[in-house]
Amino acid sequence: RKQSDPAYHYNEVMTALKTAASKLPRVDAIGGSSAGVWINNRPMVASLFRGIPKERFGEVHSMFIRIGQEMGVPLEVVNDGEVTALAGSMSLEDNGVLGIALGSSEAGGYVTMEGNITGWLNELAFAPIDYNPEAPKDEWSDDRGVVAQYFSQPCVFRVARKAGYDLPGDITDAEKLKCVQEKLEAGEKGATQIWESMGCYLGYAIAHYADFYDLKHVLVLGRCTSGR
């Protein structure tokens, strides 16, 4: 997501798709998901492309249209939260499912009581849940108290500092998360308290979500939920 060259993103996606295709007898269609607002396979706003200069955003705006044409099969890209919710609905064989994925940010998606994903903007990452004027500020949107700061890697790192952990600054966020999760696996009290705090935040947030969604089930996934 820090890469500023649209060609980098195109090449990485094409390499991944062609590698996968080489292991399959044939490819009938391609489905993909990413955080952000996607309309007709085009990113309107997407954190994956936050490093792209505004004047070059048009190059990624139509990127998946071009990829679909070059691969020669139908291609569909939607918000990753919607995929989470749809997978949950299919596995549970029930509807009214809110899916949230806790990773580098938070993705949200919803399957209605009728079993449909919708055209709604269910990207909950930037919905406020903490109205404290001193709440942490999101580094991308500049908004305070948004969900992205409470169910994500940034939350783990922020609470880890309060728990007394000094994380190295010269490694990737994924590696930082792994460091903290290793301490969780070892049963360290401070690490356990990080996830207990996130769980408390999540309890309040789901009650808040229920003001807006008819919920029968909530499916919670993502790297920040893995481990002990």
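I began with the second largest pocket: 15 residues line it, and Ala35, Ser47, Asp80, Ser104 and Ser105 lie nearest its centre. My pocket rule, on a 1 Å grid over the protein atoms alone, is an open set of points where a 1.4 Å probe fits, with protein on both sides within 12 Å along at least five of seven lines; lining residues have an atom within 4 Å of a point. Strand E1 (30–34), E5 and strand E6 (106–111) each give two or more residues to this lining; strands are DSSP runs of E, at least two residues, and helices runs of H or I, at least four. I noted about 340 Å³ of space here.

This is a predicted model, so to speak for local features I need pLDDT of at least 70, and for side-chain atom pairs 80 or more, while totals for linings use all residues. Residues are numbered from 1 along each chain, and side-chain values use heavy atoms, without hydrogens and water.

Next I looked up the largest pocket, with about 410 Å³ of space. Its lining has 23 residues, with Arg50, Ser105, Asp138, Glu139 and Trp140 closest to the centre.

Then I turned to the largest nonpolar core, which has 28 residues. Such a core joins buried (under 20% relative accessible area, 1.4 Å probe, protein chains only) Ala, Val, Leu, Ile, Met, Phe, Trp, Tyr and Cys residues through side-chain atoms within 4.5 Å. Phe151, Val156, Ile194, Trp195 and Tyr209 have the most contacts inside it. H7 gives the largest share, seven residues.

Technical notes: Buried means under 20% relative accessible area, exposed over 50%, partly exposed in between (1.4 Å probe, protein chains only). Grid points are joined across faces, edges and corners, and a volume is the space filled by probe spheres set on the points.
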